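This report describes the fold and selected side-chain arrangements of one protein chain.

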Amino acid sequence: MSDAKGASQVKVGVVMGSSSDWDVMRHAADILTEFGVPFEAQVVSAHRMPDDMFRYAEAAADRGLVAIIAGAGGAAHLPGMLAAKTTVPVLGVPVPSRHLQGVDSLHSIVQMPKGIPVATFAIGTAGAGNAALFAVAMLAGQDPALRARLDAFRARQTEVARAMTQDLTLPVSEGGKA
């Protein structure tokens with residue numbers, strides 16, 4: 001993981017409303033690490049530390065962030081409030097909640113008013129991983145080496161899926177019937 005003082009300039013912020021969201025959001029961090037994309041991860045609560053959250057959003061572009069992956073559960077105000085204070089693309093990840101399993105968070109993030117967009121991903125770990133892959137794709141548009149790594153990742157996914165068919169074949173008995 002990189003930070004703003006690290007050797008590589010941070011390109012993506014991975015933020016969450018609570019450290020309890022890390023179990024989901026670490027999947028975004030894992031993807032960014034796999035692709036060598038410098039990122040930072042931190043708690044920036046919309047409700048418990050709004051001034052810090054606003055400072056984070058307001059400084060994002062000047063610090064060179066290309067995307068902010070924001071995970072939030074419950075009321076899920078973090079992605080939208082960040083988006084309200086920056087033009088850096090915000091990628092929202094609904095974090096599953098105890099009572100509504102993240103559907104509440106999904107609805108909160110996806111229902112942004114016209115003019116303040118938040119790209120919204122699936123609930124939970126799939127959403128966190130896909131948000132990171134989306135950020136990688138954004139960066140890959142200007143980085144041919146990163147584009148090649150993303151193309152290779154996709155090719156590996158294709159091969160894994162093709163290999164799944166082999167797991168489905170049953171041995172044929174001598175009579176030609178399974």
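## Pairing within the sheet

Strands β4 and β5 run parallel and are joined by two bridges. Within this pairing, glycine 92 has threonine 120 of β5 as its bridge partner. The coordinates belong to a predicted model, and every description below should be read accordingly.

The pairing of β4 with β5 belongs to an open sheet of five strands, ordered β2-β1-β3-β4-β5 with parallel pairing. Strands β2 and β5 stand at the edges with a single partner strand each, so one side of each has no neighbour in the sheet.

## Overall architecture

The protein contains six helices and five strands. Along the sequence these elements follow the pattern β-α-β-α-β-α-β-α-β-α-α. Taken along the principal axes, the C-alpha atoms fill a box of roughly 75 × 40 × 30 Å.

Of the 178 residues in the protein, 38% are buried. Among contacts with a separation of 6 or more, 65% are between residues 24 or more positions apart.

Strand β1 spans residues 12-16 and is mostly covered, with five of its five residues buried. In a regular strand, side chains alternate between the two faces of the sheet. In β1, Val12, Val14 and Met16 point one way, while Gly13 and Val15 point the other way; all of these residues are buried.

On one pairing, β1 runs parallel to β2 (residues 39-43) and is joined to it by five bridges. Valine 15 has glutamine 42 as its bridge partner in β2. Together with helix α1 (residues 22-34), β1 and β2 make a right-handed β-α-β unit. Strand β1 also runs parallel to β3 (residues 67-72), again with five bridges, and here valine 14 stands opposite isoleucine 69.

## Aromatic rings and a charge over a ring

How many aromatic pairs does the count give? The count comes to two aromatic pairs. One of them is formed by phenylalanine 121 and phenylalanine 134 in an edge-to-face arrangement, with 5.6 Å centre to centre and 65 degrees between the planes. This pair links distant parts of the chain: phenylalanine 121 lies in the loop between β5 (119-120) and α5 (125-140), whereas phenylalanine 134 lies in helix α5, 13 residues apart.

Phenylalanine 121 counts as buried because its relative accessibility is 15%, which falls under the 20% cut-off. Phenylalanine 134 counts as partly exposed because its relative accessibility is 40%.

Elsewhere, a lysine is placed over an aromatic ring. The charged end of lysine 85 sits over the ring of phenylalanine 54, at 5.0 Å from the ring centre.

Threonine 86 is found in the loop between α3 (78-84) and β4 (90-94). Is this residue, threonine 86, buried or exposed? Threonine 86 counts as buried because its relative accessibility is 13%.

The side chain of threonine 86 reaches the backbone oxygen of alanine 57 at 3.4 Å. Leaving aside residues up to four places away in sequence, threonine 86 touches Ala57, Ala60, Ala61 and Ile68.

Notes. Residues are numbered from 1 along each chain as its sequence is written. This is a predicted model: local features need pLDDT of at least 70, side-chain atom pairs count only at pLDDT 80 or more; totals for chains, interfaces and linings use all residues. Side-chain values use heavy atoms; hydrogens and water are left out. Buried means under 20% relative accessible area, exposed over 50%, partly exposed in between (1.4 Å probe, protein chains only). Helices (H or I, at least four residues) and strands (E, at least two) are DSSP runs, numbered from the N terminus. Two strands pair if DSSP finds at least two bridges between them. A crossover is right-handed if, with the strands pointing away from the viewer, the path from the first strand over the helix to the second runs clockwise. Rings of Phe, Tyr and Trp (its six-membered ring) pair if their centres lie within 6.5 Å; planes under 30 degrees apart count as stacked, over 60 as edge-to-face and the rest as tilted. A charge sits over a ring if NZ of Lys or CZ of Arg is within 6 Å of the ring centre and within 35 degrees of the ring normal. A polar contact is a pair of N or O atoms within 3.5 Å; within protein, one must be able to donate a hydrogen and the other to accept it, and residues adjacent in sequence count only if both atoms are side-chain atoms. Contact means heavy atoms within 4.5 Å.
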